[in-house]
Amino acid sequence: MSDATTQIDETVKANDVVLYMKGTKEMPQCGFSSRVAGVLNYMGVEYADINVLADENIRQGIKDYSDWPTIPQLYVKGEFVGGCDIITEMTLSGELDTLFDDNGVVYDKEAAHKIREANG
Amino acid sequence: MAMQAHEIEALIRETFPDAQITITDLAGDGNHYAAEVIDESFRGKNRVQQQRAVYAALKGKMDGSHGELHALALTTKVPQ
């Protein structure tokens with residue numbers, strides 16, 4: 001395995017929730033990354049944010065690792081969950097809450113509910 | 001380098017000949033599109049598997065670093 005793949009593999013297994021994004025959770029630098037980071041921040045989820053803009057090897061490596069061509073990419077317990085479209089759909093349908101519940105990820109249920117109400 | 005809606009549809013059509021494909025130009029700059037693909041082959045697959053197949057059909061056009069297409073809001077469905 002290339003060092004990028006090894007590094008990614010270790011990161012997604014060492015952290016319950018990992019978001020590979022453009023920018024950081026405080027300073028997202030792309031609308032799609034900002035939306036997913038925004039949802040996680042609002043729901044009070046603890047997650048590792050990896051700025052792919054800081055390392056071209058990771059930026060390409062993550063796309064090979066998940067066989068998924070776009071950023072952001074969300075991982076829960078080492079499993080690739082989806083990009084911006086899928087996370088948005090899952091948030092609105094409640095599937096993201098279920099995924100977090102099933103994996104023992106702490107989040108603010110009331111906040112998740114408010115997101116759905118706001119986008120009702 | 002931008003792409004035209006019909007080019008995107010043609011690429012997806014190559015892999016999904018019977019699919020119902022709707023491409024919407026989101027920004028008029030040839031770089032931001034929404035695509036909805038409804039195809040029988042998605043039945044029984046989860047969203048990631050469905051969308052991975054569509055991205056594969058786009059053959060690297062989606063790759064951020066040198067890809068022609070920066071943003072494609074993708075929705076995949078199974079026919080009702």
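Guide: This is a predicted model. Let us start with two helices: α2(A) passes α4(A) in a left-handed crossing.

Visitor: What makes the crossing of α2(A) and α4(A) left-handed?
Guide: A crossing is left-handed if the near helix is turned anticlockwise from the far one by less than a right angle. Helix α2 (residues 31–42) and helix α4 (residues 84–93) of chain A pack at about 30°. Their axes lie 9 Å apart. The crossing of α2(A) and α4(A) is therefore called left-handed.

Visitor: How do you know which residues make the contact between α2(A) and α4(A)?
Guide: Contact means heavy atoms within 4.5 Å. On α2(A), the contact is made by A:Phe32, A:Arg35, A:Val36 and A:Val39. On α4(A), A:Cys84, A:Ile87, A:Thr88 and A:Thr91 take part. By class, this contact has 5 nonpolar, 2 polar and 1 charged residues.

Visitor: Why are β2 and β4 of chain A said to stand at the edges?
Guide: Look at the order of this open sheet of 4 strands: β2-β1-β3-β4 in chain A. The pairing is mixed. β2 (48–51) and β4 (79–82) each have a single partner strand, so one side of each is left without a neighbour in the sheet. Neighbouring strands here are turned by 25° against each other on average, direction ignored.

Visitor: How do you know that β1 and β3 of chain A pair?
Guide: Two strands pair if at least two bridges are found between them. Strand β1 (residues 17–21) and strand β3 (residues 73–76) of chain A are joined by 4 bridges. They therefore count as paired. These two strands run antiparallel. In one of the bridges, A:Val18 has A:Tyr75 of β3(A) as its partner.

Visitor: Which helices lie on these strands?
Guide: Helix α1 (residues 3–14) of chain A lies across β1, β2 and β3 of chain A. Helix α1 runs at about 140° to β1(A). α2(A) also packs on the sheet, touching β1 and β3 of chain A. The direction of α2(A) makes about 155° with that of β1(A).

Visitor: What makes β3(A) and β4(A) a pair?
Guide: Again, at least two bridges are needed. β3(A) and β4(A) have 3 bridges, so they pair. Their sense is antiparallel. A:Tyr75 has A:Phe80 as its bridge partner in β4(A). Their hairpin has 2 residues between the strands, and in this hairpin A:Lys77 takes a positive phi near 50°.

Visitor: Where else is phi positive, in a residue other than glycine?
Guide: At A:Asp67, where phi is near 55°. A:Asp67 lies in the loop between α3 and β3 of chain A. A:Pro72 is found in the loop between α3 (56–66) and β3 of chain A too. The peptide bond from A:Ile71 to A:Pro72 is cis, with omega near 10°.

Visitor: What is the sheet of chain B like?
Guide: It is an open sheet of 3 strands, in the order β1-β2-β3, with mixed pairing. β1 (20–25) and β3 (71–77) of chain B are the edge strands, each pairing on one side only. Neighbouring strands are turned by 15° on average, direction ignored. β1(B) and strand β2 (residues 32–38) pair antiparallel over 6 bridges. B:Ile21 has B:Val37 of β2(B) as its bridge partner.

Visitor: How do you know which residues line the largest pocket?
Guide: Lining residues have an atom within 4 Å of a point of the pocket. Among them are A:Asn15, A:Asp16, A:Tyr47 and A:Gly104. The lining divides into 6 nonpolar, 2 polar and 2 charged residues. About 170 Å³ of space lies in this pocket.

Methods. Residues numbered from 1 in each chain as written. Chains lettered and ligands numbered in written order. Predicted model: local features only at pLDDT ≥ 70, side-chain atom pairs only at ≥ 80, totals over all residues. Heavy atoms only, no water. 1 Å grid on protein atoms, 1.4 Å probe; cavity = no way out; pocket = protein on both sides within 12 Å on 5 of 7 lines; lining within 4 Å. Points joined across faces, edges and corners; volume = space filled by probe spheres on them. Nonpolar A, V, L, I, M, F, W, Y, C, P; charged D, E, K, R; others polar. Axes fitted to C-alpha atoms, helices over the stretch in contact; angles between N-to-C directions.
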